[in-house]
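Q: Can you walk me through this model? I would like the overall fold, then the cores, then the charged pairs.

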Amino acid sequence: MKISLVRLSTKDLATLAQRIISNSQSGKYPVITDHPLTTTLQNSYTEYDQVYTKQIYSGKGKDVAAADHERDVAYTNLKAFLNGYRKLSTAPNYQLAEDLYGIFKTFGLNLDRLSYSSQTAQMKKLIEELETPENAQKITALSLSTAFADMKTKHEDFEVQFADQAEANADLRQMTSASAIRKDLEKNLKTYLGLLTAMKNVPGWQLLYSDTNELVKAAKKSEVKKGEKPS
């Protein structure tokens, strides 16, 4: 009764363990009733079952990416407006647009291409500079107060989402490692199968060995068919 448990997918390992445990607890095999190894196997499976379907990370990545995109759009739109307006020397207050665009230059014209943390640091400085009384007056004169407020809000929204993700990921990392739990289940399954193999010619154990061997064969077929790596 040989099987490479490490080659089974996460789901197939859980299925095999559950079937073996259910079979051992069916009452058909007095030799295994109340055996301490079945209790050990049940406990490791229960722990595995609680975590194997959970994501390693929080799943908030999409929310963070969406918030970052909204922030990028608001930043890019305001920057593009100032860049275009400053070139219209006949337009009123074009010099104000030139001044404000210069501030964007100071903190970088490609903030939307930076990493989350780098962009956040630079955006914070940019917003602080644009909020000074002198620059706030220029923004008002160009009727850009709403656009600036939108950029600031989108930046703050991103920071909230990013902080939520960081906290959730930290909580998940404090959980027992999913890989460690899997190894524990594999070890106990291997021990159980080893016991049945060693006892297969002993009266009372033959049927248990035979039935369990069929479950193992089914798991091996699943492995070959799907070709999945353990996750």
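The chat below takes those topics in turn.

Q: Before the details, what kind of model is it, and what are the ground rules?
A: This is a predicted model, where local features need pLDDT of at least 70, side-chain atom pairs count only at pLDDT 80 or more, and totals for chains, interfaces and linings use all residues. Residues are numbered from 1 along each chain as its sequence is written, and side-chain values use heavy atoms, with hydrogens and water left out.

Q: How many helices and strands does the protein chain have?
A: Nine helices and zero strands. Helices (H or I, at least four residues) and strands (E, at least two) are DSSP runs, numbered from the N terminus.

Q: What share of the residues is buried?
A: Of the 231 residues in the protein chain, 35% count as buried. Buried means under 20% relative accessible area, exposed over 50%, and partly exposed in between, with a 1.4 Å probe and protein chains only.

Q: Which residues have the most contacts inside the largest nonpolar core?
A: Ile-3, Leu-185, Leu-189 and Tyr-192, in a core of 28 residues. Helices α1, α2, α8 (178-198) and α9 (206-226) each supply at least two residues of this core. A nonpolar core here is a set of buried Ala, Val, Leu, Ile, Met, Phe, Trp, Tyr and Cys residues joined through side-chain atoms within 4.5 Å.

Q: What is Tyr-192 in contact with, leaving aside neighbours within four places in sequence?
A: Ile-20, Ser-24, Ile-32, Leu-37, Thr-38, Leu-41 and Leu-208. Contact means heavy atoms within 4.5 Å. There is also a second, separate core of 23 residues, which includes Ala-74, Ile-103, Phe-107 and Met-151.

Q: How far apart are the end C-alpha atoms of α3?
A: They are 36 Å apart, which agrees with the 36 Å that its 25 residues should span at 1.5 Å a residue. The expected span is 1.5 Å times one less than the number of residues.

Q: Moving on, which residues have a positive phi without being glycine?
A: Asp-34, at about 60°, and Asn-93, at about 65°, are two of them. Asp-34 lies in the loop between α1 (10-24) and α2 (36-51), and Asn-93 in the loop between α3 (61-85) and α4 (94-107). Asp-34 counts as exposed because its relative accessibility is 72%, whereas Asn-93 is partly exposed at 39%.

Q: Now the charges. How many salt bridges does the structure hold?
A: 11. A salt bridge is a side-chain nitrogen of Lys or Arg within 4 Å of a carboxyl oxygen of Asp or Glu.

Q: What does Asp-211 pair with?
A: Lys-28, with the closest N and O atoms 3.6 Å apart. The pair links distant parts of the chain, with Asp-211 in helix α9 and Lys-28 in the loop between α1 and α2, 183 residues apart.

Q: And Lys-152, what is its partner?
A: Glu-131, with the closest N and O atoms 2.4 Å apart. Lys-152 lies in helix α7 (residues 145-173) and Glu-131 in the loop between α5 (116-130) and α6 (133-141), so the pair ties together parts that are 21 residues apart in sequence.

Q: Glu-134 and Lys-138: buried or exposed?
A: Glu-134 counts as exposed at 54% relative accessibility, while Lys-138 counts as buried at 13%. The two form a salt bridge, the closest N and O atoms being 3.6 Å apart.
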